Number of protein chains: 2
Amino acid sequence: MADRPIKELDWKTPLEAAHKPSLDKIAKTGICGIIDLISPGVPPGSDTATLALLGYDALKVYSGRGALEAIGSDVEVMSGDVAFRCNFATVNENLVVLDRRAGRIANEDATKLAQSLRQIKLQKPYAFLFKNTIQHRAVLIIRGPKLSTAVCDSDPEKTEVKIFEIKPLEHSPEAKRTARILKELMNEFRKVLKEHPVNKERIRRKLLPANIILCRGAGTVPDITSLSEIYGINAACVAAASLIRGVCKAAGVKLINVKGATGTPQTDLTAKAKATVQALKANDFVVLHVKATDVASHDGNIKQKVELIEKIDKMLGYILNNVDLSSIYLAATADHTTSCLTRNHEGDPVPVAITGPYVCRDNVEEFGERACAKGGLNRIRGMDLMPILMNLIGKTNKFGA
Amino acid sequence: MADRPIKELDWKTPLEAAHKPSLDKIAKTGICGIIDLISPGVPPGSDTATLALLGYDALKVYSGRGALEAIGSDVEVMSGDVAFRCNFATVNENLVVLDRRAGRIANEDATKLAQSLRQIKLQKPYAFLFKNTIQHRAVLIIRGPKLSTAVCDSDPEKTEVKIFEIKPLEHSPEAKRTARILKELMNEFRKVLKEHPVNKERIRRKLLPANIILCRGAGTVPDITSLSEIYGINAACVAAASLIRGVCKAAGVKLINVKGATGTPQTDLTAKAKATVQALKANDFVVLHVKATDVASHDGNIKQKVELIEKIDKMLGYILNNVDLSSIYLAATADHTTSCLTRNHEGDPVPVAITGPYVCRDNVEEFGERACAKGGLNRIRGMDLMPILMNLIGKTNKFGA
């Protein structure tokens, strides 16, 4: 949601340019501030940022994106597994990346391709699991004895460059073994995808073929204490993006499935709002996450981003009208800044506003990157938000006596 | 540059009292804040503050001032060497300090005295290097097997007290050996200086004699990763003060020598401004440092400090007029507060302003300790500034995926 000033918006950010009465109401009736998800200037991944917003010290507990994404895709990740976040992507004959998302391939096509990829077999005792999630997104797990996360990504995370060769990142036999298995598997994937009828049909329909799998973020299951253990709360999550679901699940947060919630700009936000209001009846804490603005930012689509913020605002309007703000607290924030201009996550702080019965209301009248910087919360870190919220609802433990 | 409110300035700080249109322009067109170099209330040395401003965690990497100062004076410091920052100073017969800077002795006199000191020999296998830098400043290196930095300073860092006796700070044979060698050397220095013709001539001219060498800040070469390795940037530094040059050199920053840049209040700031503009053509990042305001503050010279701030402002005016602010970012800050009243470094935060194409401009209209505290950056730490700047120019690495 957060961004930088954009010339086309008269040097406003998309958030500042959007019509967003509900977000503004949260700011106006609440206490505002800015958040460095990890620390000032450091661009966070969605994984580390979400860990931080749930109160964890990502610098200590982060163990790679792959496993979190897999857990969130209902893939069981076992101790010793090495998990990767994957993309269906498009490369040319020289393995130069043309599109990291194969034209944001539709779920149906990706599902057919994934079925074929699963026919490949690794040499025993090794095995793999491959599952597509939303659009171009997928997860891969390599399972077997003595594997390592010390292997480099094949995904260069930009276009017009060649994919990275998969190499071990250290001299251990585990890292060498994992790199060898992964490299061979990726070559097999490439062979199957290149000749696949789904891709031939895509080319015929002038769509980008998903002719390669790019992998990144080798990870293992993180060892984190659940929110219920830390704060003694029941927590639930309304999110479609696998990664966010994975982080929540790892934190012991119950996942709520919402029909129509897709993690895309076409997602059904009203359905998510209703599910959230419902979830609040049985839980102390509910995370509601919308991925769509990030998608628009990565695509550099300023207009769509503004429209999506306005759509999110309507979703919040429903929530504000259907919960009792004399007894609940509501915090609005972003998990990172994604610049429509650079199309990347940036290390700029994000705005936050918390409304509810006993917050020290400040003078901020608007929800935005600049307006919130003048708020009563000042500048905090991502991992500070959760203790602040838990403190407001009387769920923190005293340190000291 | 930063200071506290001063009665003689109508309770304004020197920065608030100065006419400084260019600094104000940076604040007005930029995003402002205040910086705790190390942490709130902790007075930083110029060494730890500069390490912090270059993005290092000084609490982790700092290994004493001596080696940094020596590196910046083009003295080669080897692993195992123990380096000291030294002052030519004036003491009375009872070794009570009358002036810690021997009347800010001129370079010519200090050079002659240093030549004589270098004739002294240590017992083999030990040797020393002694080099005067600017005015009263000098560096000393003791070289040989099994030395230690665990020796106390002889410099009491104030006047009207006796110099400290050099003692080991721990019971190790290395510390005892280093203290013994240093103590003997300082006695030899004292003997040579006391009878030196340069000092006799200084007394005749009613100048303070440089009749002792005070040493402090025993240090070894710091083990830090270069800025180019961390951020993938080319960096250059325009500074005269040996310590700043040393920190920059240790960080892999190229030193640019500017004729007329002396590190004194008489320094040629226009020459430094021109060199900076030139350096920006070939580098991603340029550090421009001016020592003079700190000198005026240590001397308690309020009027000179205000005048120097106005001179620095003119220097910045040249830069603002000669760089393209639609493509570069410019940050103005101080490496510490030095109070004209206490004549010491203080732990008060310093103001900062960053201007450039995509900063979230705030409402601050003036560059000053109080005005910047209301800015959009709020309160950050010294080591946060560099990641914030590198993030603006797209040179930070994402944490997470």
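This is a predicted model: local features need pLDDT of at least 70, side-chain atom pairs count only at pLDDT 80 or more; totals for chains, interfaces and linings use all residues.
**View 1. Helices H3 and H10 of chain B pack against each other.**
Helix H3 spans residues 46–53 of chain B, and helix H10 spans residues 242–250 of chain B. Their axes lie 10 Å apart and form an angle of about 40°. The crossing of H3(B) and H10(B) is right-handed. On H3(B), the contact is made by Ser46(B), Asp47(B), Thr50(B) and Leu51(B). On H10(B), the contact is made by Leu243(B), Ile244(B) and Val247(B). Of the residues in this contact of H3(B) with H10(B), four are nonpolar, two are polar and one is charged.

**View 2. Asp155(B) is a buried loop residue.**
The loop that holds Asp155(B) runs between strand E5 (137–143) and helix H7 (173–194) of chain B. Asp155(B) has a relative accessible area of 2%, so it counts as buried, the limit being under 20%. The side chains of Asp155(B) and Arg100(B) are joined by a polar contact of 2.8 Å. Leaving out residues up to four places away in sequence, Asp155(B) touches Asn87(B), Arg100(B), Phe164(B), Leu214(B), Cys215(B) and Arg216(B).

**View 3. Leu185(A) is a buried residue of helix H7 in chain A.**
Helix H7 of chain A covers residues 173–194. The relative accessible area of Leu185(A) is 1%. Leaving out residues up to four places away in sequence, Leu185(A) touches Ile120(A), Leu122(A), Phe128(A) and Leu140(A). Lys121(A) is 64 residues from Leu185(A) along the chain, and the C-alpha atoms of the two are separated by 8.7 Å.

Key. Residues are numbered from 1 along each chain as its sequence is written. Chains are lettered from A and ligands numbered from 1 in the order in which they are written. Side-chain values use heavy atoms; hydrogens and water are left out. Axes are lines fitted to C-alpha atoms, for helices over the stretch in contact, and angles run from 0 to 180 degrees between N-to-C directions. Helices (H or I, at least four residues) and strands (E, at least two) are DSSP runs, numbered from the N terminus. A crossing is left-handed if the near helix is turned anticlockwise from the far one by less than a right angle, and right-handed if clockwise. Contact means heavy atoms within 4.5 Å. Ala, Val, Leu, Ile, Met, Phe, Trp, Tyr, Cys and Pro count as nonpolar, Asp, Glu, Lys and Arg as charged, and the others, Gly among them, as polar. Buried means under 20% relative accessible area, exposed over 50%, partly exposed in between (1.4 Å probe, protein chains only). A polar contact is a pair of N or O atoms within 3.5 Å; within protein, one must be able to donate a hydrogen and the other to accept it, and residues adjacent in sequence count only if both atoms are side-chain atoms.
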